[in-house]
Amino acid sequence: KKMVGDKAPDVMYQTSCLELLQLVNPQVKIILMLRNPIDRAYSHWKMIHYTFGYNKSFEYCVNDEIKNRWGENRLYHVSFWTHFVQRGLYYQQIQEMLKYFPKDNIFIVISEVVRKNMNEEYQKIFKFLELDECHATFEEDFVSDVKNTINKNDETYKILQKIYSKDIKNLEEMLGYKTGW
């Protein structure tokens, strides 16, 4: 037997991906590594800003999405460039995933927790995948060279906190523990 994996963050956000994945492999095991949604949104913006030269500010992108793009089609060619905020509504997306896959086939880990104790968290993932423990040196594969972060006193940060607060609360209730976000 062979186990194959794929790292594809868009699968969670794009319903059409869920439909296709369910069609191809309805018993697939899915690991969701969730990151603080505000940090995720800012990181996504930094990637397209610094890597692809996208010249709109983070504040502009957040406000544009809230005012003009909320609920817009989630097709990749649209959402990659314009959906920074909605991608962080994890609880909503997980509820959508549960329409296609049994809860036992979805394993959720918190990125910040994994970073603090990689060995312990990866052992949980191996157990979920029904693999033997593997004690090794785990390292992050990619860390951005751009070190700036969003200012927590910034108005945009406060707007994002309000947007995410209910979704985070629902997620934490579902998980049975606090995320620290």
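Leaving aside neighbours within four places in sequence, which residues is His44 in contact with? They are Ser79, Phe80, His83, Phe84 and Arg87. Contact means heavy atoms within 4.5 Å.

This is a predicted model, where local features need pLDDT of at least 70, side-chain atom pairs count only at pLDDT 80 or more, and totals for chains, interfaces and linings use all residues. Residues are numbered from 1 along each chain as its sequence is written, and side-chain values use heavy atoms, with hydrogens and water left out.

His44 sits in helix H3 (residues 37–52). Helices are DSSP runs of H or I with at least four residues, numbered from the N terminus. His44 counts as buried because its relative accessibility is 8%. Buried means under 20% relative accessible area, and exposed means over 50% (1.4 Å probe, protein chains only).

Now turn to H4 (residues 58–69). Its buried residues are Phe58, Cys61, Val62, Asp64 and Glu65. They lie on the same side of H4 because they cover an arc of only 165 degrees around the axis. The arc is taken from the directions from the helix axis to the C-beta atoms. Lys67 and Asn68 are exposed on the other side of H4. The buried residues of H4 pack against H3, helix H5 (76–82) and H9.

Look next at H9 (residues 155–175). H4 and H9 pack at an angle of about 35 degrees, with axes 10 Å apart. Axes are lines fitted to C-alpha atoms over the stretch in contact, and angles run from 0 to 180 degrees between N-to-C directions. From H4, the contact uses Phe58, Glu59, Val62, Asn63 and Ile66. From H9 come Thr156, Ile159, Leu160 and Ile163.

Note on methods. Helix = DSSP H or I, 4+ residues; strand = E, 2+ residues; numbered from the N terminus.
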